[in-house]
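Good morning, and thank you for coming.

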Amino acid sequence: MIPTPPRERELRLDLLRGFALWLIFIDHLPQNLLTWLTIRNYGFSDATEIFIFISGYTAALVYGRAMRERGFIVATARILRRVWQIYVAHIVLFTIFLAEISYVASSSENPLYTEEMGILDFLKQPDVTIVQALLLKFRPVNMDVLPLYVALMLFFPLVLLVLQRSAGLALALSAGLYGLTWSFGLALPAYPNGVWFFNPFAWQLLFVFGAWCALGGAKRMSRILSSPATLSICAAYLLFAFYTTLTWHVPQLNHFMPHIAEQWMYPIDKTNLDVLRFMHFLALAVLTVRFLPKHWPGLASRWLRPLILCGQHSLQIFCIGVFLAFAGQFILAEYSGGALVHFLISVCGILIMCAAAWVFSWYKGVAGKGGSRAKSADGDADLAGGGA
């Protein structure tokens, strides 16, 4: 059995998860100045990979300790409780999202909002659609991440059990399922047609890889990750990805891209976590670990505190971000404004998310001092890294 690493606060996880939440919010807005600063414009992967990897990593830290110290049954109960929290958050967000879109569509007398945001089927058949939403088959636009996380966490007790028995076997089984997904087209059906936008059979590889790293895998790879050869390969791959994405925005550069390379690469499938996306995330992760050390003094900076707080309350901040993204989209669509208005809406949304994270942190601190929360060895799932 692989020993669970000692419990130690990893602020880099909070920082990067908060950063991913900001990126997701910005990417959900119409194109503006800030969207050109997100990583999806400079490579194959985006904030989703960061989000899922850190979720797997932190879930293993929290629930791995619970499984080792209290057994499989108790750990499973804790994980399923977290699954229920995420599921309820998704349903509540779904309800608020429907109300928000319906109100905007009726008040602005613009029914195109219902079609653009993917709720037209709900208005046609609300009874059937509600049931499909409860089954996680029907989801409006921008509401695909939480169902994916529910699916990944639902089977995490078994994954964690195998990881603690044999980490290599667990990672091999995960990679095998990923390969079978691509070979046989494994997918979960969506309503009214198609499949889940984020295929859990494919994205589980990144989630399990994150858990594997948390339970000793990253430490075992430390020598490889720090070698000059690895850093050079990762840097070269990131440059290749950057040039490739540059050809999407500057078609003239396509002349320098070999046709055989285009045939091999495209389409770069996000639904099934394309290998190119996975490799791009790994390259980014290697450079991040190399140039953002665990005890970097900047992690204690007050300027990074808002990012860290957002990462510590990720589930709530993600839901707020989805709500704010549509509100911003509505404002930009209904009221004329240039680049400055786009920029201000993006910044205001981020400030609201940071303010909400501060309120959540303040409340938990007050509740903890009041003795209303018992401090256990397992800690809080959000604060210790178990949240989405």
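Predicted model: local features only at pLDDT ≥ 70, side-chain atom pairs only at ≥ 80, totals over all residues.

**Cysteines, helices and a cavity**

A search of the whole structure for disulfides, meaning pairs of cysteine sulfur atoms within 2.5 Å, finds 0. For those new to the term, a disulfide is a covalent bond between the sulfur atoms of two cysteines.

Residues are numbered from 1 along each chain as its sequence is written, and side-chain values use heavy atoms, with hydrogens and water left out.

Let me turn to the overall picture. Helices (H or I, at least four residues) and strands (E, at least two) are DSSP runs, numbered from the N terminus. On that basis the protein has 18 helices and 0 strands. I shall call a residue buried under 20% relative accessible area, exposed over 50%, and partly exposed in between, using a 1.4 Å probe and protein chains only. Of the 388 residues in the protein, 50% are buried. Contact means heavy atoms within 4.5 Å. Among contacts with a separation of 6 or more, 77% join residues 24 or more positions apart.

Cys213 is buried, at a relative accessible area of 7%, whereas Cys348 is partly exposed, at 43%.

Next, consider helix α9, residues 167-184. How many residues does α9 have, and how far does it reach? It has 18 residues, and from its first C-alpha to its last it reaches 26 Å, close to the 26 Å expected at 1.5 Å a residue. The expected span is 1.5 Å times one less than the number of residues. The buried residues of α9 are Ala167, Ala170, Ser174, Tyr178 and Thr181. They cover an arc of only 80° around the axis, which puts them on the same side of α9; the arc is that of the directions from the helix axis to the C-beta atoms. The face turned away from this buried side carries the exposed residues Leu173, Ser183 and Phe184. What covers the buried residues of α9? The cover includes α8 (156-165), α10 (200-220) and α14 (275-291). After α9 comes Gly185, with a positive phi near 65°.

Helix α6, residues 126-134, has the buried residues Thr129, Gln132 and Ala133. These cover an arc of only 100° around the axis, which puts them on the same side of α6. Just after α6, Leu136 takes a positive phi of about 65°.

That brings me to the backbone. Most residues other than glycine have a negative phi, and most peptide bonds are trans. Asn142, in the loop between α6 and α7 (145-154), has a positive phi near 70°. Leu273 is not a glycine either, yet its phi is positive, about 50°. This leucine lies in the loop between α13 (259-265) and α14, and it is buried, with a relative accessible area of 0%. The loop between α13 and α14 also holds Pro267, and the peptide bond from Tyr266 to Pro267 is cis, with omega near -5°. Another cis peptide bond runs from Tyr191 to Pro192, with omega near 10°; Pro192 lies in the loop between α9 and α10.

Now to the empty space inside. Rolling a probe the size of a water molecule over the atoms shows where empty space is left. On a 1 Å grid over the protein atoms alone, a cavity is a set of points where a 1.4 Å probe fits but cannot get out, and lining residues have an atom within 4 Å of a point. Grid points are joined across faces, edges and corners, and a volume is the space filled by probe spheres set on the points. The search finds 1 cavity of 30 Å³ or more; the largest cavity has a volume of about 30 Å³. Its lining residues include Leu21, Phe25, His28, Phe318 and Met353. Which element gives the largest share of this lining? It is α16, with 4 residues.

Finally, helix α1 has 14 of its 17 residues buried, so it is largely enclosed by the rest of the structure. Gly349, in helix α17 (residues 339-369), counts as buried at 4% relative accessibility. Leaving aside neighbours within four places in sequence, Gly349 is in contact with Phe25 and Leu324.

Key:
1 Å grid on protein atoms, 1.4 Å probe; cavity = no way out; pocket = protein on both sides within 12 Å on 5 of 7 lines; lining within 4 Å.
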